[in-house]
Amino acid sequence: MVEHLEYKRRKEGEGELYTRLSVDEGKSEEMLESLLPKLFILSTIKLQFPSHNTERGGTRVKFQKAKVVIDGELYTVNVITGNALRNWLARLTLREYVARNGVSVHKQHFIDMYRISGKLARECGISDKTPREEAERIVVSGCAICDLFGFLLKERGLPEVGRKSVIYVSFLIPTRASIIRNIRQAITHNERLTIYAFKSLIDLGGIGRSQYVKKEGVWLGKELISKDEAQLRLEACLRAYLDLLTHPLGASLVRTLPPIKVKTLAVLLTKNLIPAPLHPFYDDYIESLKEIVEFYKDDIVNVYLLNIDIGTDEKVKTYSNLSNLFKDVITDAKAILEKLWS
Ligand SMILES: [Zn+2]
């Protein structure tokens, strides 16, 4: 099933979209406070590239085709898959992590981002006698990339152990408005400017924590790394987003991307579960964002906005500069981790 279904508008109506999620009835509100923090990143960007030929300065944009439904009509559009974006993010995260003197990483990722081989696992001390939970601890504590982006070890003679990514990235897909505009204008220009949108989620409560063993008394997984290491991994990952959004051509790792200009960006830092904001594919994503911020004010730490106006509030911070925005997001998100580890 193509991922565009994910973008399908949830049924209109406040009941469904804005029902307050009830979490773990056995625990008091107080205990749950700040236990399930998330970071949502929503953005629309301009990508400039020739329409007939994706060649540009020797680099190549690899798009895949996806189908979207607009007003009952089916259209085929160019997308970059969430997997490809995640792969770029992983590479940039690796670079930022090492640049900040991070040392816990499998050398293998410098060559091949995803594979965890049986050979590597054995070198790390995992054998057929290692319990799954211990194998998880060895891999996660030993590697920032496996921790953040997940892994799967499935080899004969070794415990089967896997980890879901704590970072989710949607397709990079042209916005609905952009698709409509391109259809109306027919394609007469050599160079088309298309607005793309993506949505991403970082499960802050998942970083450096077990997906098999729960920490006692709370919903979080058991800690597998130190607080400082978790904060370093988070910072590297957030800086990777900034790299992806600001220096796609400067970074040889992401040469395949055409020039990017961020049009709008919204980062939501929450201390608890809230419904996912609408994908920026939709014209009214900012309206939706505004409603979520109003309805879930208590669950939101801060909202960080670039070129988006949703009115003034002490929790709404607006920026004209991406670096400053990410600087504040990093500081506040690290403070959340600080609380989770205390
Ligand atoms: Zn690894």
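What share of the 342 residues of the chain count as buried? The figure is 37%, where buried means 20 or more other C-beta atoms within 10 Å of a residue's own, with C-beta atoms placed from the backbone.

Some ground rules. This is a predicted model: local features need pLDDT of at least 70, side-chain atom pairs count only at pLDDT 80 or more, and totals for chains, interfaces and linings use all residues. Residues are numbered from 1 along each chain as its sequence is written.

Now the elements. The chain has eleven helices and 15 strands. These are DSSP runs, numbered from the N terminus: helices are H or I with at least four residues, strands are E with at least two.

Take strand β14, residues 300-306. Five of its seven residues are buried, so the rest of the structure largely encloses it. β14 runs antiparallel to β13 (residues 260-270), with six bridges. Leu265 has Leu306 of β14 as its bridge partner. With β15 (residues 316-319), β14 runs parallel, through four bridges. There, Val303 is bridged to Val316.

Leaving out residues up to four places away in sequence, Ala266 touches Leu42, Leu289, Val303, Leu305 and Ile308. Contact here means C-beta atoms, placed from the backbone, within 7 Å.

Technical notes: A residue is buried if 20 or more other C-beta atoms lie within 10 Å of its own, exposed if 12 or fewer, and partly exposed in between; C-beta atoms are placed from the backbone. Two strands pair if DSSP finds at least two bridges between them. Two residues are in contact if their C-beta atoms, placed from the backbone, lie within 7 Å.
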